[in-house]
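Work through the two exercises below with the sequence and the model in view, and try each task before reading its solution.

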Amino acid sequence: MYYKELYTHKSGGSLPQLVSAENENMQSRYVVQKVLALREEGVPLKEMAILFRSSFLSFDLEIELTKANIPFMKFGGFKFIETAHVKDMVAYLRVLENPRDVVSWNRILLLIDGVGPRTAEKVIDDILKKRVRGAEPDGLVGEGAGSSTDLSRYWMQFNDYSDNVQKLFDVLKHVAKPSVAPAEKTYQILQYYEPMLKTRYDDHQKRRKDLEMFQNITERYQDVGSLLTDLALEPPNESIVDVESPGPEDEYLTLSTIHSAKGLEWHSVFVIYALEGRFPTMRSVGSDEEVEEERRLMYVACTRAKENLIITYPMNIYDRESGMILTKPSRFIQGIGEHLLEPWVVE
Amino acid sequence: MKKFTLKQLPTDHLHLVQPQHLKIDYKGELNPAQYEAVTSVDGPHLIIAGAGTGKTRTIVFRVSYLIELGVKPSSVLLLTFTRKAAFEMMRRASILLDSRCEQISGGTFHSFANGILRKYAGQLGYDANFTILDQTDAEDVINLIRTRMKFDTKERRFPRKEALYDLYSRCLNTLTPLKELLALDYPNYLEQEADIQAVHTAYVQYKKQHNLMDYDDLLVNMVLLLKQNEPVRAVLSDKYKYIMVDEYQDTNKVQAEVVKLLAFKHRNIMVVGDDAQCIYSFRGSTIRNIMEFPQEFADCKIVKLEENFRSTQPILNLANEILKRSV
Ligand SMILES: Nc1ncnc2c1ncn2[C@@H]1O[C@H](COP(=O)(O)OP(=O)(O)OP(=O)(O)O)[C@@H](O)[C@H]1O
Ligand SMILES: [Mg+2]
């Protein structure tokens with residue numbers, strides 16, 4: 001390793017703290033109260049971050065933050081784009097862009113009432129056989145870069161299917177026109193998709209909000225191609241379900257996985273769930289290499305802090321997978337002297 | 001008759017700008033090691049340094065410095081781990097200097113590769129409007145092929161789609177032969193190596209046939225394009241004259257290959273990282289990229305930054321202690 005010990009010419013600064021709480025909820029309440037106290041001292045919410053090893057570790061805290069009316073944004077972990085309903089919407093746009101995208105065809109055909117895998121396969125076979133009129137004699141769809149006029153002509157060919165399937169093609173035919181902007185395409189498709197959303201998901205109201213957010217995102221785009229690329233490569237991080245909308249002054253607290261916090265810095269940083277079995281994870285402890293990667297993660301987490309670093313862990317966490325009760329602080333901080341890390345307990 | 005012989009002027013007129021004509025006081029804003037890294041613009045550079053020592057800040061100032069020297073913004077290429085991070089660096093450089101810094105080429109390896117591949121898709125047997133499969137889509141396709149090839153009904157247990165995807169992805173990202181990975185992680189499937197390989201071949205064909213790429217394809221096809229196609233490689237190397245990569249400790253071998261190929265003409269490449277912060281090796285990133293950079297580019301200048309500008313000493317003491325206790 002090239003590693004050198006870190007030093008600074010900055011003077012002063014208080015000791016990092018290691019705070020143990022009797023249980024998860026006490027840890028959450030501690031963090032909420034400490035955040036509010038720091039804010040009173042003049043540290044804006046934007047200068048504070050709560051970091052954790054895995055995305056699910058902040059769920060309880062999120063509830064307490066909401067109760068305390070503290071706006072936050074969560075980064076990392078679960079992605080909005082990975083939710084089934086958003087993937088459905090994306091699939092419609094994908095076949096518009098690339099009519100050979102069999103994966104998406106399959107998805108949207110199976111959403112139709114009365115269409116099973118066999119029917120879907122038949123329709124797809126048929127789709128793949130259709131050619132673009134006016135394109136090269138043997139050119140399958142898309143070849144020759146699938147210019148937009150060719151593509152809209154292409155969509156005119158789908159006419160004699162059973163009512164349910166035909167409905168899908170009629171929508172696609174309509175929105176495939178190059179003159180229809182991505183946001184309008186999305187809107188039309190959403191009208192078509194809505195009844196399926198309702199029958200498929202009990203929590204369709206919540207999901208509907210995600211789709212509204214999706215609709216908003218599409219407004220920013222001129223063409224479906226770049227919309228799809230951005231969604232695939234740089235998806236918006238959070239599902240609306242997980243986000244408290246930021247307050248009016250754009251003041252919000254950051255909740256983030258450590259992976260998503262890399263390169264960044266805050267005045268005050270909390271590392272929660274520094275609990276053996278959670279950080280390092282249960283799964284990693286079998287392998288030295290993996291434990292070392294977890295250690296580097298802890299190093300990344302701690303080095304995000306400018307002025308205050310507070311590490312917390314709850315005791316008495318039941319781990320379902322192993323049937324064990326987790327009680328010990330993370331091995332990465334266990335036994336570190338009080339001259340480096342000041343022990344605290346929440347009561 | 002007297003003759004006047006025209007001199008061959010350097011294309012970028014780089015060294016024609018005098019330091020006193022620069023808008024920004026680079027010397028005042030940076031410490032000597034950072035200043036050195038910002039102002040020596042030609043040839044390979046490796047900045048290796050701990051957290052908070054100003055690595056990213058050095059890149060930001062270097063972008064601004066290059067632009068001040070008259071380098072065309074689009075020929076500066078800045079690659080990093082998220083587009084957000086790339087935008088943030090461009091934004092900071094723009095505040096520092098001016099909006100020209102927003103016009104540099106930048107983004108993640110994947111988004112950069114995507115842009116290039118849209119343009120040259122035809123060279124690889126793809127159309128420009130290919131769509132991108134996410135991991136679950138990719139697994140579904142693999143599953144379909146697995147079923148079609150009747151591996152779901154053989155007497156012998158065959159790896160599931162998740163395991164297959166994981167295997168293929170790691171083969172590509174770590175450039176490890178399938179056999180080796182099998183021996184390491186799935187020894188009970190070792191005998192079926194040929195079949196596993198066959199499913200992969202069919203998977204690759206299927207994607208091409210349907211104009212689909214998965215995430216790994218973006219990088220792999222980019223390398224393929226650069227390797228196979230000498231003229232394209234030359235065009236791109238001419239286009240991206242100054243390449244910088246932040247968080248280099250979290251790149252994988254394919255990404256290192258992309259960088260090497262792109263820089264082949266000019267070798268103006270600066271990579272920046274901290275081996276103690278490598279946190280993506282579960283996805284195939286490897287600190288060997290950073291460690292072997294000096295061998296790969298024998299004449300590279302190594303810059304070490306030692307002073308932390310971010311945290312108080314008590315925080316750094318704890319961070320040092322955490323690393324020191326490593327086994
Ligand atoms: N020479 C300097 N003078 C003043 N401040 C500096 C200097 N160099 C860096 N800084 C400040 O120190 C902080 C850390 O810098 P930066 O984020 O560039 O470090 P880094 O090495 O990239 O960190 P990481 O390893 O976490 O990515 C920033 O706030 C930056 O503005
Ligand atoms: Mg950095």
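**Exercise 1: a strand and its neighbours**

Task: determine which residues of S1(B) point one way and which the other way, and whether they are buried or exposed.

Solution. B:His45, B:Ile47 and B:Ala49 point one way from S1(B), while B:Leu46 and B:Ile48 point the other way, and all are buried (20 or more other C-beta atoms within 10 Å of the residue's own, with C-beta atoms placed from the backbone). Because 5 of the 5 residues of this strand, residues 45-49 of chain B, are buried, S1(B) is largely enclosed by the rest of the structure. Next, turn to the pairing, for which DSSP must find at least two bridges between two strands. S1(B) runs parallel to strand S8 (residues 301-305) of chain B, with 5 bridges joining them, and B:Ile48 has B:Lys304 as its bridge partner in S8(B). S1(B) is also joined by 4 bridges to strand S7 (residues 269-273) of chain B, again in parallel, where B:His45 has B:Met270 as its bridge partner.

The model is predicted, with local features requiring pLDDT of at least 70 and side-chain atom pairs pLDDT 80 or more, whereas totals for chains, interfaces and linings use all residues. Residues are numbered from 1 along each chain as its sequence is written, and chains are lettered from A in the order in which they are written.

**Exercise 2: the contact between chains**

Task: find how many residues each chain brings to the contact.

Solution. Counting residues whose C-beta atoms, placed from the backbone, lie within 7 Å, the contact takes 52 residues from chain B and 55 residues from chain A. On the side of chain B that touches chain A, H14(B) gives the largest share, 11 residues.

Definitions and conventions:
Contact = placed C-beta atoms within 7 Å. Helix = DSSP H or I, 4+ residues; strand = E, 2+ residues; numbered from the N terminus. Buried ≥ 20, exposed ≤ 12 C-beta atoms within 10 Å, placed from the backbone.
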